[in-house]
Amino acid sequence: MSRARLRRILLGAALALVAPWAALVLLAAATPLPPALGQRRAMSTSVVLRDRDGVALRELAAADGSRARWLSIDELGERVPRAIVAAEDGRFFHHPGVDPFSLVRAAAQLVTHGRIVSGGSTLTMQLARTVAPHPRRSWIGKVREMALALRIEASLSKPRIVEEYLNRVEFAPGLRGAG
């Protein structure tokens with residue numbers, strides 16, 4: 001094989017690897033940040049009725065029917081954010097919102113097992129899916145989710161992303177947020 005042919009093959013392979021990521025970055029730059037993420041506590045919360053001693057008597061559900069109370073990252077303490085990051089996205093502090101290693105692992109498992117074994121979504125991608133829902137298991141939806149995750153990461157600090165996640169994601173039926 002000639003050097004020129006080898007060079008063309010390597011260049012083609014490099015472009016095939018880089019082009020999708022470059023397109024994703026351009027899409028992220030064109031993706032607006034959802035207005036809800038620009039304002040803290042922009043979502044409805046449930047109301048807790050208390051007696052004069054502070055004992056909870058009743059909780060009235062938020063507008064979406066869930067129990068929800070906004071807590072700042074400081075109010076959540078140190079352990080809750082650390083536990084969520086460890087459970088959901090161990091490399092959270094080492095990627096820009098999309099983790100290529102997780103995506104490759106999930107794709108390899110899909111090919112090997114013929115079904116989805118584990119996901120490749122990062123904590124930021126899960127937050128993006130929460131603030132801008134899309135049809136599940138849709139390639140176009142997943143690309144939009146990745147673009148929004150990159151946009152969120154470019155706009156918010158990592159602690160703020162964890163705070164938004166812990167206050168917006170549904171942890172159980174009828175229970176939104178860690179509060």
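## Pro32 and its contacts

Two residues are in contact here when heavy atoms of theirs lie within 4.5 Å of each other. Going by that cut-off, and setting aside residues up to four places away in sequence, Pro32 touches Leu148 and Arg151. This is a predicted model, so keep that in mind throughout.

Where does Pro32 sit? Look in the loop between H1 and helix H2 (35-38). Pro32 has a relative accessible area of 61%, and because anything over 50% counts as exposed, Pro32 goes down as exposed. Its C-alpha atom is 9.3 Å from that of Ile152, although Pro32 and Ile152 are 120 residues apart along the chain.

## The overall layout

The protein has seven helices and four strands. Read from the N terminus, the order of elements is α-α-β-β-α-α-α-α-α-β-β.

Of its 179 residues, 33% count as buried. The protein exposes about 11,500 Å², with carbon and sulfur atoms supplying 60% of that area. As for contacts between residues at least 6 apart in sequence, 61% of them join residues at least 24 apart.

## H7, an enclosed helix

How many of the 11 residues of H7 are buried? The count is 10, so H7 is largely enclosed by the rest of the structure.

Arg160 and Glu164 lie four residues apart in helix H7 (residues 158-168), about one turn of the helix. Glu164 also pairs with Arg168, where the closest N and O atoms are 2.5 Å apart. Arg168 is buried as well, and its spacing from Glu164 is again four residues, about one helical turn. An α-helix has 3.6 residues a turn, so residues three or four places apart point the same way.

## H3 against H7

H3 packs on H7 at an angle of about 85°, with the two axes 11 Å apart. That makes H3 roughly perpendicular to H7, because angles from 65 to 115 degrees fall in that class. On the H3 side the meeting residues are Val80, Pro81, Ile84, Val85 and Glu88, and on the H7 side they are Val162, Tyr165 and Leu166.

Beyond its neighbours within four places in sequence, Ile84 is in contact with Asp89, Leu123, Tyr165, Leu166 and Phe171. The C-alpha atoms of Ile84 and Leu166 are 8.3 Å apart, while 82 residues separate Ile84 and Leu166 along the chain.

## H5 against H6

At what angle do H5 and H6 pack? Helix H5 (residues 123-131) and helix H6 (residues 139-155) pack at about 110°, with their axes 8 Å apart. H5 and H6 are therefore roughly perpendicular to each other. H5 brings Thr124, Met125, Leu127, Ala128, Arg129 and Val131 to the contact, and H6 brings Lys142, Glu145, Met146, Leu148, Ala149, Ile152 and Glu153.

There are charges in this contact too: Arg129, Lys142 and Glu145 are linked in a network of salt bridges.

## The salt bridges

How many salt bridges does the model have? The count comes to seven. Side chains of opposite charge can pair when their charged atoms come close.

One more pair to look at is Arg91 with Asp99, whose side chains meet in a salt bridge at 2.8 Å, N to O.

Which residues form a nonpolar patch on the surface? They are Met1, Leu6, Ile9 and Leu10, and together they have about 440 Å² of accessible area. Met1 comes in the segment before helix H1 (3-30). Met1 is exposed, with a relative accessible area of 74%.

Methods. Residues are numbered from 1 along each chain as its sequence is written. This is a predicted model: local features need pLDDT of at least 70, side-chain atom pairs count only at pLDDT 80 or more; totals for chains, interfaces and linings use all residues. Side-chain values use heavy atoms; hydrogens and water are left out. Patches are made of residues with over 30% relative accessible area and no salt bridge: like charges are joined within 9 Å, nonpolar side chains (Val, Leu, Ile, Met, Phe, Trp, Tyr) within 5 Å. Accessible areas come from the Shrake-Rupley method with a 1.4 Å probe; for residues, only the protein chains shown count as cover. A salt bridge is a side-chain nitrogen of Lys or Arg within 4 Å of a carboxyl oxygen of Asp or Glu. Helices (H or I, at least four residues) and strands (E, at least two) are DSSP runs, numbered from the N terminus. Buried means under 20% relative accessible area, exposed over 50%, partly exposed in between (1.4 Å probe, protein chains only). Axes are lines fitted to C-alpha atoms, for helices over the stretch in contact, and angles run from 0 to 180 degrees between N-to-C directions. Angles under 35 degrees count as roughly parallel, over 145 as roughly antiparallel, 65 to 115 as roughly perpendicular and the rest as oblique.
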